[in-house]
Amino acid sequence: MIDVQKIREDFPILTREVNGKPLVYLDNAATSQTPQQVIDVIVDYYQHYNANIHRGVHALSQEATDKYEQARVTIQKHFNAAKAHEIIFTSGTTHSINMVANGFSSLLDRGDEVLVSAMEHHSNIVPWQMLCERTGASLKVIPMNQKGELVMDAYEELLNEHTKLVFCNHISNALGTINPIEAIIEKAHQVGAAVLIDGAQAAPHLVADVQALDVDFYTISAHKVCGPTGQGMLYGKEEWLNKLPPYQGGGEMIAEVTFEKTTYADLPHKFEAGTPNICGGIAFGAAIDYMNSIGFEAIATYEQELLDYATEQLLAIEGLKIYGTAKHKTSVLSFNIEGIHPYDIGSILDKLGIAVRTGHHCAQPIMDFYQIPGTVRASFCFYNTKEEVDVLVAGVIRAKNMLR
Amino acid sequence: MQIQNIQEEIVDEFSMFDDWMQRYEYMIELGKSLPLIDAQYKTDDNIIKGCQSKVWVHAELETDKLVFTADSDAIITKGIIAILIRVFSNQKPADIIEANTDFIDEIGLKEHLSPTRANGLVSMIKQLKLYAVAYQTQLN
């Protein structure tokens, strides 16, 4: 059970006002707020043991290195990765995806095919388009239906012996759809294709077991799970990470350097050139610990309640349409009101202290699919309340009355 | 009327409103009531793409003055466009180049000019000034 009032006390930002109104923060799919427990870890790092890692012999460096590597183990255990060095620290999901896309540049040829789902974030489309331009491979799209679910029959038809890679998000940022990634991975493996799952939107709501899924690559961003911005991870199976060339050259990622030849460091350092976001990595671990202290089962149950309540309340507004009505979805509600631009609704809601996202959510192909300029998106976290849903609903009604 | 005077007039009008609701209601009325651009100019060439709302702008020189028409698919954006047109249209290019837009802040609509809104308005003002520069060169 979630004691939401108690949990809210962990988040200092939730007590602030916006435009003279109590903040109602419903833009959690864009970024989650940070609990005091994680803020304390960040402050503690800079106050007590800020030092460069992996190379100093002094105490501070050792302490920082230990905490950074402990965070990697925390994340490894959370995702049930077989080895800690399969967790590569990155600046976020976009960085992680680009790392893999870049790595595959030398592994793909003309005639190869890569599949991407129709409901991807731009960050899981553009790197692959760039990869295809570099290699001559072709990009095919797994279609979706009106509910915002992938058409699995079409997916199976697209798979063939030329398919080398499949990319799909675990959960759609614009629609909230939970994709059947178990089946996607299994079918891809049957034709020998590798699979990258973008878990950015899934990580705040559920725990992916990368070994049980048998996924080749899985990516997340720390700031979606109550952690800091500028930090994320790439999980990759050891065999794949060994196969891929390094992404960036620099310090930390080398074993030996001469002007004739450089040999690369072992995993994970091969992919972690330069001084990393040390504080970010440590705080990322603290954020995962925080989420687990609440418990993902309790989070899922509570967020489902919020989603059901908000869906029912919003649908009672005449002319309101929800985009993304998949059977399996998380606490994301993308909607429009007939004849009103989402920007206008968002502007009025902002005046009422309600933070939602409006626009295409970096998923223009989805908006094109529904032939809309964008949506208003309210996304809920375990610290949101039913009372906040009521404020949102009242705000939408007020906006509608003003704008119509 | 000079740009400066029109801006003062608008600031005066807005000072009569007590709260944001009234300001927004006025903006929405402005947005709804004005036919802002001739359909033939609502082309892809004239579109200024923001992330969120689209803005179309057309400029024409009438003797020594620039006449702007514009439109948007979002009503609040359209309301601000109506205000911008009232300020900048029918003015000499040199005056448009010189003019600032601080009055938007004074009438409490500053947030709509923030780049994070990505609504095409910032680009629209830039485009109005670019037109002014181009036509100024032509007049010289």
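Which hand does the crossing of H4(A) and H5(A) have? The crossing is right-handed, where that label goes to a near helix turned clockwise from the far one by less than a right angle, and left-handed to one turned anticlockwise. Before going further, some housekeeping. This is a predicted model, in which local features need pLDDT of at least 70 and side-chain atom pairs count only at pLDDT 80 or more, while totals for chains, interfaces and linings use all residues. Residues are numbered from 1 along each chain as its sequence is written, and chains are lettered from A and ligands numbered from 1 in the order in which they are written. Helices (H or I, at least four residues) and strands (E, at least two) are DSSP runs counted from the N terminus.

Back to that first pair. Helix H4 (residues 93–103) of chain A and helix H5 (residues 126–135) of chain A have axes that come within 9 Å and cross at roughly 15 degrees. That makes H4(A) roughly parallel to H5(A); angles under 35 degrees count as roughly parallel, over 145 as roughly antiparallel, 65 to 115 as roughly perpendicular and the rest as oblique. The axes here are lines fitted to C-alpha atoms, for helices over the stretch in contact, and the angles run from 0 to 180 degrees between N-to-C directions. On the H4(A) side the contact uses A:Ile97, A:Asn98 and A:Ala101, and on the H5(A) side A:Pro127, A:Trp128, A:Met130 and A:Leu131. Being in contact takes C-beta atoms, placed from the backbone, that lie within 7 Å. Sorted by class, the residues of this contact are six nonpolar, one polar and no charged. For the classes, Ala, Val, Leu, Ile, Met, Phe, Trp, Tyr, Cys and Pro count as nonpolar, Asp, Glu, Lys and Arg as charged, and the others, Gly among them, as polar.

Next comes another helix pair of chain A. The axes of helix H3 (residues 59–78) of chain A and H10(A) come within 8 Å and cross at roughly 40 degrees, and H3(A) and H10(A) are therefore oblique to each other. Their crossing is left-handed. From H3(A) the contact draws on residues including A:Tyr68, A:Ala71 and A:Ile75, which meet a set in H10(A) that includes A:Ile282, A:Phe284 and A:Ile288. This contact of H3(A) with H10(A) divides into eight nonpolar, five polar and two charged residues.

A cis peptide bond joins A:Leu267 and A:Pro268, with omega about 0 degrees.

Now for H12(A) and H14(A). They pack at an angle of about 120 degrees with their axes 9 Å apart, and are therefore oblique to each other. The crossing of H12(A) and H14(A) is right-handed. Among the residues making the contact are A:Asp344 and A:Ile348 of H12(A), along with A:Arg398 and A:Met402 of H14(A).

The contact takes 12 residues from chain A and 13 residues from chain B. Helix H12 (342–351), strand E16 (357–359) and helix H14 (386–403) of chain A each supply at least two residues of chain A's side, and the largest share of that side, five residues, comes from H12(A). By class, the side of chain A that touches chain B has five nonpolar, five polar and two charged residues.

Over in chain B, helix H3 (residues 75–88) has 14 residues and reaches 20 Å from its first C-alpha to its last, close to the 20 Å expected at 1.5 Å a residue; that expected span is 1.5 Å times one less than the number of residues. H3(B) is mostly covered, with 12 of its 14 residues buried, among them B:Ile75, B:Lys78 and B:Phe88. Buried means 20 or more other C-beta atoms within 10 Å of a residue's own, exposed means 12 or fewer, and partly exposed is in between, with C-beta atoms placed from the backbone. After H3(B) comes B:Asn90, with a positive phi near 70 degrees.

B:Thr63, between strand E2 (54–62) and strand E3 (65–72) of chain B, has a positive phi near 45 degrees. B:Thr63 counts as exposed because it has 6 C-beta neighbours inside 10 Å. In chain A, the phi of A:Gln371 is also positive, near 55 degrees.

How values were computed
Two residues are in contact if their C-beta atoms, placed from the backbone, lie within 7 Å.
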